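Take a look at the model below.

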There are 2 protein chains.
Amino acid sequence: MDELNPPERLLLGAGPSNVHPRVVKALLSPLVGHLDPYFIEIMDETKKLLAKAFKTKNEFSLPISGTGTAAMEAAICNLVQEGDEVIIGVNGFFAQRMSEMVRRWGGKTLEIKKRWGDVTTKEEVENLFKNSNANLVALVQGETSTGALQPLQDIAKIARAYDALVLVDTVTSFTGVDLDIDGWGIDVCYSSPQKCLNAPPGASPITVGDRALNRIRNRRKPVQSLYFDFTLIERYWSERRMYHHTAPIMNVYALREALMIALEEGLDNRIAKYKRNSEALMAGVEAAGLTMNTEHQYTLPSLNAVRVPEGVDADKVKNIFLDRFNTEIGAGLGELKGQVWRVGLMGLNSSERNVLFFLEALEVSLRKEGHSLKPGVAANAAVDYYDAHQPIN
Amino acid sequence: MDELNPPERLLLGAGPSNVHPRVVKALLSPLVGHLDPYFIEIMDETKKLLAKAFKTKNEFSLPISGTGTAAMEAAICNLVQEGDEVIIGVNGFFAQRMSEMVRRWGGKTLEIKKRWGDVTTKEEVENLFKNSNANLVALVQGETSTGALQPLQDIAKIARAYDALVLVDTVTSFTGVDLDIDGWGIDVCYSSPQKCLNAPPGASPITVGDRALNRIRNRRKPVQSLYFDFTLIERYWSERRMYHHTAPIMNVYALREALMIALEEGLDNRIAKYKRNSEALMAGVEAAGLTMNTEHQYTLPSLNAVRVPEGVDADKVKNIFLDRFNTEIGAGLGELKGQVWRVGLMGLNSSERNVLFFLEALEVSLRKEGHSLKPGVAANAAVDYYDAHQPIN
């Protein structure tokens, strides 16, 4: 077998994004034990950084030892008990997955089904609360499969009025759009490091508030999963330092560095940058006569889903990006298979340079597939947008 | 917060071990997507390397996306169904944990309880098979908490005679002692990368044979965990390449490199090296008047548990190693808290240099704690052992 020698892709897909050079440097750091005094400092610092990025006072702000789906499962298997009714906005692959998990763990799902790309409204949620005993509402803030950005604030308020908990998936949106765990009243929220944070996958941020922890501590039966049992994970990540499992130490190093980078840049600056680049991309896409999969106001700036024009083979264009431009863009997933390209602008990949490159490469790829766009129109529209919308800071 | 700058520890504890320089280099490789054609090659190669190291033809030989405890849970939650009777040799922390997991997942445990440091005999297992409907026997080959090496061959034969499956934990023993999945008839076996393989934790090897997969495919109810569901994981790691979750790509790079290193050195050479260094360490320890926690023939060469002499504070010695020698050794866990030091000689850490260093440092540390050994006796006995037992190849 050959020496490891991966191609230097530009990762503009649905994630992972490219690893930040400072994070690569962190991966070179010597490993220490998972109970080493130095690692315990790193754990505490990582918790503080996570709490700051989540805007919360939750002590339980830490990385789950697995990928984003592990964090989703950890949240659901701890929160849901046999027979619990759970309201879920189902408008994409990951929302659907949450729903399936709730059922696997014994819950009863009350689904609000929408077109993949639309969002759940507070009226729809309130209506279900009125007509059920739901004690949890689960939503995906940034739906990786559709590019939709779900508003959360009003829904969280409604849930609180019904004494229910709020669970939010921010895998693709964390540090890319506004999020205020304590201010909005979100009880449990998880994410992933390989999206807006530009770190490799493997240790996934989660924050769990006291209302949720109280419910978990008072479960009728302990959670079946020992690996994901929050009451055990808490003992390792708090003063007790009780061994639970060997933390993925290197991934924690990487996550800490990635969070430092995000917080040094400033969350507000970062969010404004994402918005500007996403809007420039949309301006270009639409000037060229293509359409987005989402309304502008509900477009997730870190993941832009562009509709595939009639008669174009989505996979062929995706492969031109890969083979000719050494660039990954995302294919459609589930119901949107063949219907969208998913363009990730995450972390350091959210840049004017990448937006212009993507629009030019899309134009060329479509032409190669026999679908002509007017040359230069898309990129020029994006440049016009940039010129008219200077960065604020 | 400061820049990440961990101390350069020598990791002679219960794991993690130091990362191999070639593995560090692998971590520098650019990330590609989890469905990138290049990553798919890496996945296939990793499967082949794992199958070779496990000595199996099992197609399902792959890394679970989590740490060793995740692999343990994945195995148990897939194999065990409500009401199943499971025979478990309980002679240490990790065996105890397996037993707890079996109960959490609805199984009934038939425990063979032994002193922590002793092993389970085939007679004990056969006796339980005769008097139960057990359809699974679970054993820990290398018990990280006690330093015991469990013989497997005869027990696997008995299990097969009773049409039961065999599950084995090789977290600390994989590539460090003899293991022959197909030859011995082991159905499911998992491990960890941060022990004998010198890779960072986060992606944990597992192999699952056809008899086990058939049982899993014919479960009365699908496994509750979606993240660990082998029928879904299989679809991503086989020709279908159906998205399941974002693999911890960087950890897979690291694991592949670590497996290449082990197989290039040769499993037999590696196993002989471990045995020689462990026996030299025991010769030194016993010449100095100390004792091991295990009989020689049942001592795990990758993890050597030395009994703490009467009147010595185990933690103080451990801290002298850390503070004075920048070296981690393991403390006792669970029932053996305060009673043993666990000395890991894993991968590149299994060397004459480390054995002699450990013995000298132990002598100095004990002296500082007021427990005098005759100077130089331990290290000299180890050198005598080395001189009398030259490497074979």
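Helices (H or I, at least four residues) and strands (E, at least two) are DSSP runs, numbered from the N terminus. This is a predicted model: local features need pLDDT of at least 70, side-chain atom pairs count only at pLDDT 80 or more, and totals for chains, interfaces and linings use all residues. Residues are numbered from 1 along each chain as its sequence is written, and chains are lettered from A and ligands numbered from 1 in the order in which they are written.

Start with α11 of chain B, residues 267-287. B:Gly289 follows α11(B), with a positive phi near 90 degrees.

Several residues of α11(B) are buried, including B:Tyr274, B:Leu281 and B:Val285. Buried means that 20 or more other C-beta atoms, placed from the backbone, lie within 10 Å of the residue's own. The cover over these buried residues includes β11, β13, α13 and α14 of chain B.

Now follow β11(B). Four of its five residues are buried, so β11(B) is largely enclosed by the rest of the structure. It runs antiparallel to β13(B), joined by five bridges; strands pair if DSSP finds at least two. B:Ala305 has B:Arg342 as its bridge partner in β13(B).

Finally, the two chains. A rotation of 180 degrees with 0.0 Å of shift along its axis superposes chain A on chain B, RMSD 0.0 Å (least squares on C-alpha atoms of residues with pLDDT of at least 70 in both). That is the relation of a two-fold axis. In chain A, the C-alpha of A:Gly66 is nearest the axis, 2.5 Å from it.

Terms used. Expected span 1.5 Å × (residues − 1). Buried ≥ 20, exposed ≤ 12 C-beta atoms within 10 Å, placed from the backbone. Contact = placed C-beta atoms within 7 Å.
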